[in-house]
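Here is the note you asked for, as numbered points. Please read it with the model open.

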Amino acid sequence: MSLTKVLARLCSDLKGNARACAYLKDRGVSNFTIDDLSIGYCSWDTKDEVGVNLYGRVTFPIKDQYGDVIGFGGRIIGDGSPKYLNSPSGILYDKSRALYNIDNAFDYMLELGYAIVVEGYMDVASLWEAGVKNVVATCGTSLTKYHVRLLKRFADEVYLMYDDDEPGRASSVRGVLLSSVEKFPVYACNTAFGMDPDEYVKMMGKEGIIDLINSAKRAVSKAG
């Protein structure tokens, strides 16, 4: 089964699974966002098609900037471990080069002039739901030079909006260091109060996200 057909089945299976639909509704993800991001649900062992078994998980297609499916991520419903599973690296998918939602977000990056990079699929879904659409996520890795080079095509600068915890702050530092190496502005604007972007946008809304960006811009301006 091709990855395009896998995606079609996953999207179809979500509509028939009350538990997965209820989970997404509880997380504040509307049917509009589900359709925009092609969120699905896995009802079978996908090891042969995807390289990893996503059975029982809400699924997120990872596409290239042209909209071609190159892999999948899956989020467990409720608690459990591992929380996320991704396609293994291969000919099509390389997490050091792939950015989730780049196919949907690049037009908004071109329009607004900047990109927001978050850590997870649900962070993207929640920001998208709130109307923040120039957003992508790294797939289980920190920002890399290849990510930056991809974003350069569509944005004039990048704002890292990672979780407000030790790993998130460390990833922000590594990302900002790429700014001088790649000669491209990369700024950190982490959320506060120990929240991830998913939690933050639900509390503060789109305006709160824009305020974070503007605060980061002012900080950079003062430093300069």
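1. Charges over rings. Arg-75 lies over the face of Tyr-84, at 5.7 Å from the ring centre. The charged end of Arg-9 sits over the ring of Trp-44, 3.8 Å from its centre. The criterion: NZ of Lys or CZ of Arg within 6 Å of the ring centre and within 35 degrees of the ring normal.

2. Basis. This is a predicted model: local features need pLDDT of at least 70, side-chain atom pairs count only at pLDDT 80 or more, and totals for chains, interfaces and linings use all residues. Residues are numbered from 1 along each chain as its sequence is written, and side-chain values use heavy atoms, leaving out hydrogens and water.

3. Aromatic pairs. Rings of Phe, Tyr and Trp (its six-membered ring) pair if their centres lie within 6.5 Å; planes under 30 degrees apart are stacked, over 60 edge-to-face, the rest tilted. By this rule the count comes to eight aromatic pairs. One is Tyr-100 with Tyr-121, edge-to-face: 4.8 Å centre to centre, 90° between the planes. This pair links distant parts of the chain, 21 residues apart: Tyr-100 is in strand E5 (residues 99-100), Tyr-121 in helix H6 (residues 121-129). Helices (H or I, at least four residues) and strands (E, at least two) are DSSP runs, numbered from the N terminus. Tyr-100 and Tyr-121 are both buried, that is, under 20% relative accessible area; exposed is over 50%, partly exposed in between (1.4 Å probe, protein chains only). Ring pairs also link Phe-60, Tyr-84, Tyr-100 and Tyr-121 into a cluster.

4. Four-stranded sheet. The order is E1-E2-E3-E4, the sheet is open, and the pairing is antiparallel. Strands E1 (40-41) and E4 (84-86) stand at the edges with a single partner strand each, so one side of each has no neighbour in the sheet. Two strands pair if DSSP finds at least two bridges between them. E2 (residues 57-63) and E3 (residues 69-76) run antiparallel and are joined by seven bridges. Ile-62 has Gly-71 as its bridge partner in E3. Helix H1 (residues 3-15) packs on the sheet and touches E1, E2 and E3. Its direction makes about 30° with that of E3. Axes are lines fitted to C-alpha atoms, for helices over the stretch in contact; angles run from 0 to 180 degrees between N-to-C directions. Contact means heavy atoms within 4.5 Å.

5. Strand E7. What does E7 pair with? E5 joins E7 by two bridges, antiparallel. Strand E6 (residues 114-118) pairs with E7 in the parallel sense over three bridges. Tyr-100 has Ala-137 as its bridge partner in E7, and Val-118 stands opposite Ala-137. From E7 (residues 135-138), Val-135 and Ala-137 point one way, Val-136 and Thr-138 the other; all are buried.

6. Cysteines. A search of the whole structure finds zero disulfides; the test is a pair of cysteine sulfur atoms within 2.5 Å. Cys-11 is in no disulfide, and its nearest cysteine sulfur, that of Cys-21, is 11 Å away. For Cys-42 the closest cysteine sulfur is in Cys-11, at 12 Å, too far for a bond. Cys-42 counts as buried, at 0% relative accessibility.

7. Val-29. This residue sits in the loop between helix H2 (18-26) and helix H3 (31-37). Val-29 is buried, with a relative accessible area of 6%. Leaving aside neighbours within four places in sequence, Val-29 is in contact with residues including Met-122, Ala-125 and Glu-129.
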